[in-house]
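Please look at the structure before reading the points below.

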Amino acid sequence: MVYKILLPEDITEPGKLYLKERGYEIIAMEDPTEESICQAVKCCSGMVSRTIKCSRKIMTAGKMLKVIGSHGVGTEKIDLTAATELGIQVTNTPCANTNSVAEHTLALILACAKHLVYLDEETRRGNFAARNIVKSMELEGKTLGIVGCGRIGKLVAKKAALGLGMKVIGEDPYLSDNQWPSYIQRKKTLDDLLREADVVSIHVPLTKETTNMFNALTLKLMKANSIIVNCGRGGVINEEELYAALVSYKIAGAGLDVFMQEPVNRNNPLLSLENVVVSPHNAGLSTQAMDQTGLDAVKGIDEVLS
């Protein structure tokens with residue numbers, strides 16, 4: 001029997017080659033909608049889920065569907081309750097983009113600390129005197145606070161501690177004592193971390209507990225010259241209250257790869273601030289990470305079906 005694998009959205013060649021070498025038939029789609037996916041999935045045993053929501057309706061239509069491979073770490077776009085009830089296994093790719101996100105996090109930290117976007121724009125305008133207007137912050141010896149010390153948080157900490165000479169502190173209620181590496185000093189509470197950190201880097205999933213974790217009260221605990229960077233999920237930060245903290249310089253700057261609404265609204269007031277550096281949720285989209293994510297997603301499908 002030849003298993004058919006549905007790709008509602010394209011993945012890079014390594015993943016497709018892996019499927020072909022193992023005898024799978026690939027069903028690729030163009031301009032997918034929920035209705036067209038419902039039609040295409042009827043004859044498929046597996047499918048890859050990228051950015052399109054994988055609803056109960058789609059799963060119910062997939063009478064032969066046995067496994068959904070999430071193209072990424074998160075599974076929030078997949079109705080896990082429906083998958084469980086229908087006996088459909090869900091896999092994800094927790095390691096594929098770890099390095100990509102960690103490097104992007106450090107890039108945002110450095111861009112904020114060195115005012116790179118502002119200085120780039122001013123230099124292009126011919127304002128060479130901008131070199132005397134703003135002064136950068138050296139990161140060596142500064143304290144980096146990691147909120148969420150999973151794979152990515154730990155790797156950011158390692159690169160910052162061993163590469164930039166930063167002191168690293170971390171807060172994560174889900175890690176046991178023996179899961180903390182030597183280069184991260186554990187803090188018992190988020191409040192303790194925020195009071196001490198010069199840079200705060202967020203690496204937590206979006207859950208009921210983490211939604212609006214960063215708000216007026218928690219931001220108030222941070223140092224006036226501190227920077228906050230979010231390469232986790234947008235809803236973790238209350239954007240209105242972050243804007244208020246930034247525009248009044250209660251904190252010095254922010255680097256944001258994720259937003260509450262994506263694509264980010266061009267009228268989002270955060271985009272108007274010179275002390276904010278942004279990117280379009282692409283921290284995990286390096287060439288290498290995309291290849292590995294697609295490959296890991298189809299490997300998960302193959303592991304279930306074989």
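A cavity here is a set of points, on a 1 Å grid over the protein atoms alone, where a 1.4 Å probe fits but cannot get out, whereas a pocket is an open set with protein on both sides within 12 Å along at least five of seven lines; lining residues have an atom within 4 Å of a point. Grid points are joined across faces, edges and corners, and a volume is the space filled by probe spheres set on the points. The model is predicted, with local features needing pLDDT of at least 70 and side-chain atom pairs pLDDT 80 or more, while totals for chains, interfaces and linings use all residues. Residues are numbered from 1 along each chain as its sequence is written, and side-chain values use heavy atoms, with hydrogens and water left out.

**Cavities**
- The count comes to 2 cavities of 30 Å³ or more, and the largest cavity has a volume of about 60 Å³.
- Residues lining the largest cavity include Pro8, Ile37, Arg50 and Ile58, and strand 3 (residues 46–49; strands are DSSP E runs of at least two residues) gives the largest share of this lining, 3 residues.
- The second largest cavity, of about 30 Å³, has Asn230, Glu239 and Leu270 among its lining residues.

**Second largest pocket**
- The second largest pocket holds about 340 Å³ of space, and of its 20 lining residues the closest to its centre are Cys112, His115, Ala252, Glu274 and Asn275.
- Two or more lining residues come from each of helix 5 (98–113), helix 6 (116–124) and strand 12 (276–278), helices being DSSP runs of H or I with at least four residues.
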